[in-house]
Amino acid sequence: MTAALRKGDQRHRIELTVNGRRRMGEATPRTLLSDFLRHELGCFGVHVGCEHGVCGACTIIRDGYAQRSCTQYAIQAEGAEIRTVESLSDGADLNPLQAAFRRHHALQCGFCTPGILMSATEFLERNPAPTEREVRDMLSGHICRCTDYHGMVQAILEAAGKRTEEKGS
Ligand code: FES
Ligand code: FES
């Protein structure tokens, strides 16, 4: 093994905030953020599909923006604030967006769902009262092999309506 390879295998300590908690872990310079979140920090809701930034399964919210976690290295996330799908519910109750997905049968195998929920969460934070076209545009960044997307569109619009009603009341 060459010295260069040994250097590439060195693990570095990374500190960041995940779902509101300060976390620490180790990663090599080539460890993807998606793998770091799953295997080092135990956030198994971060699903890894294509590993090429195409399918959207690995989407997280980083520093307020929905991003693919498979197109970033873990060491680039030092000091970042990350939310994964685990942040949406306390485990006992689904949050309104998750509940709407369940009501509208917006998932089947569920592999794509965590990434879509994180994109939709960030989308609704930016655009609390979206049009159907805007929802469909947002979903175009995600690949689902099971559903026809219709239930997801309905679920996101319903969750948006509830948020708007709550703000208005
Ligand atoms: S696994 Fe990251 S976009 Fe597909
Ligand atoms: S529910 Fe199976 S890939 Fe989307």
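**Notebook: first look at the model**

**Ground rules.** I am working with a predicted model, where local features need pLDDT of at least 70 and side-chain atom pairs count only at pLDDT 80 or more, while totals for chains, interfaces and linings use all residues. Residues are numbered from 1 along each chain as its sequence is written, chains are lettered from A and ligands numbered from 1 in the order in which they are written, and side-chain values use heavy atoms, with hydrogens and water left out.

**The whole chain.** I looked up the elements and found six helices and five strands in the protein chain. Read from the N terminus, their order is α-β-β-α-β-β-β-α-α-α-α.

Next came size. Along the principal axes, the C-alpha atoms fill a box of roughly 60 × 35 × 25 Å.

Then I checked burial, where buried means under 20% relative accessible area, exposed over 50%, and partly exposed in between (1.4 Å probe, protein chains only). Buried residues make up 43% of the 169 in the protein chain.

**Back to α4.** How many of the 14 residues of α4 are buried? I found twelve, so this helix is largely enclosed by the rest of the structure. Among them are Ile-116, Leu-117, Met-118 and Phe-123.

**Helix α2.** In α2 (residues 33–40), I listed Leu-33, Ser-34, Phe-36 and Leu-37 as buried. I saw that these buried residues pack against β1, β2, β3 and β5, with contact meaning heavy atoms within 4.5 Å. Just after α2, Gly-42 takes a positive phi of about 75°.

**Two loops with positive phi.** I checked Asn-19, in the loop between β1 (12–18) and β2 (21–27). Its phi is near 50°, a positive value in a residue other than glycine. Asn-19 is partly exposed, at 25% relative accessible area.

Asp-63 sits in the loop between β3 (59–62) and β4 (65–68). Asp-63 is not a glycine, yet has a positive phi of about 50°. At 42% relative accessibility, I put Asp-63 down as partly exposed.

Is His-142 buried or exposed? I found His-142 buried, with a relative accessible area of 4%, in the loop between α5 (132–139) and α6 (150–168). Leaving aside neighbours within four places in sequence, the contacts of His-142 include Cys-55, Arg-68, Ser-119 and Tyr-149. Gly-115 and Ile-116 are also among the residues that touch His-142, and both are buried residues of α4.

Asp-93 is in the loop between β5 (81–83) and α3 (96–103). I noted Asp-93 as exposed, at 54% relative accessibility. I also looked up its C-alpha separation from Phe-123, 30 residues away along the chain, and found 22 Å.

Conventions: Helix = DSSP H or I, 4+ residues; strand = E, 2+ residues; numbered from the N terminus.
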